[in-house]
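This report goes through a few local features of one protein chain. The sequence and the structure follow.

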Amino acid sequence: MKKSLMIAAVLLLGTPAAGAADFMDWLKSHTPATAGKKEVPADAAALLTLEPGQNEMYPRVSPDSKSFLAVVSSRQVNEVSRRVLENGDPLNDVSDDVHAPDSFGWHGNDEVSFLSTRAGSLGLWTKPADGQGALRRAIALHGNLTQVTLLADGSMIGVRLLSEGKPVPRTSDDFDNWDIPNQHAQVVRISADGAERMLSDGINPAVSPDGQWVAFSMEAGRSRHLFLMRIDGSELMQLTDDRCIDVQPAWTPDGKRIVFASNRADADMRDPEKGNWDIWSIGRDGRDLLRLTMDPARDGAPSVATGNRVLFHSDRKIDKETQAAHQVKGGTAGFHIWSIVLPSTASK
């Protein structure tokens, strides 16, 4: 393109004034609008939630894909909220327990689970998703646990944190939940009677829809890769391998693919914060890697509904038209929930 423009410019020197004007019109029509600027590719993601003064993160789609849970932060208060999946409207508050934002999840379509010390010691509790009704302690626990999933048989998959120094307080803008300073993370399985078994080093465990497999992220030097193993820790396999950080895996409802957050498109392993964080997808056999989002903002924590609709949180800039459509005035900075559809060709 540059060579052809130079040739045309040379020809222009010997062109009459009228012809020069025609040439300038041609030049304008053949010069990209982004010339001289770094072109940023766009994706088809749509904004789902936008509540005034709130930070909305970590969507978790219900098994029936009718609603989702999210961590909502406002004025340094964090709580778990249930939202309508179709349009993101609030339904009810679920829990403002201090441990809930790091450990909430679905237990069937009508119950949610989360860690709590409400009885004086750590336990995994369940309650109706609509916020009404009694709470029940499912498992009595101990020590430092996070990122738990209650299984159908009453056992749980979670992350055991082993102290390697003084704990560092987390913030409401907790994008990197795979990086917990001064803590060594292990994926564990705890039975209903409290017996614990360490399955592997790693973090961000995600249990498959059939309850038989666990996808998770494991550290390897400065990189983090996705791994897959059976629920008992057997048949360990590595899915991704690159100089990047692959984290926060989630399964598609059919169990054929895993979506995840990664900085692999623009990784800077000396300073991961400078990387471009996007949502990616890969087959459970480690094939057919696909990039879903392309934006300079931080996209993370995907969760997949039926129809392969992927929800994720992002701190993308929101234009005035989108803000007006959501009838929100004032600042819109921070994280909100967005959605994008996984291409049908990737689900085969």
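At 73% relative accessibility, Gln327 counts as exposed, where exposed means over 50% relative accessible area, buried under 20% and partly exposed in between (1.4 Å probe, protein chains only). The model is predicted: local features need pLDDT of at least 70 and side-chain atom pairs count only at pLDDT 80 or more, while totals for chains, interfaces and linings use all residues. Residues are numbered from 1 along each chain as its sequence is written, and side-chain values use heavy atoms, leaving out hydrogens and water.

Gln327 is not a glycine, yet has a positive phi of about 55°. Glu235 also has a positive value, with phi near 55°, and is a residue other than glycine. Glu235 is partly exposed. Helices (H or I, at least four residues) and strands (E, at least two) are DSSP runs, numbered from the N terminus.

| Residue | Loop | Relative accessible area |
|---|---|---|
| Gln327 | between α3 (320-325) and β24 | 73% |
| Glu235 | between β16 (223-230) and β17 (237-238) | 44% |

β24 (residues 336-341) runs antiparallel to β1, to which two bridges join it. Two strands pair if DSSP finds at least two bridges between them. Ala46 has Ser339 in β24 as its bridge partner. These strands belong to an open, antiparallel sheet of four, in the order β1-β24-β23-β22. β1 (46-47) and β22 (299-305) each have a single partner strand, so one side of each is left without a neighbour in the sheet.

Strands β12 (residues 183-190) and β13 (residues 196-201) are also antiparallel, joined by five bridges. Val187 has Ser200 in β13 as its bridge partner. The two strands form a hairpin with five residues between them, and Gly194 in the turn has a positive phi of about 95°.

Arg82, in strand β4 (residues 77-84), is buried and has no salt bridge; Asp130, the nearest side chain of opposite charge, is 5.7 Å away. A salt bridge needs a side-chain nitrogen of Lys or Arg within 4 Å of a carboxyl oxygen of Asp or Glu. The side chain of Arg82 makes a polar contact of 2.8 Å with that of Asn92, and reaches the backbone oxygen of Ala129 at 3.2 Å. A polar contact is a pair of N or O atoms within 3.5 Å; within protein, one must be able to donate a hydrogen and the other to accept it, and residues adjacent in sequence count only if both atoms are side-chain atoms.

Key: Lys, Arg positive; Asp, Glu negative; His and termini not counted.
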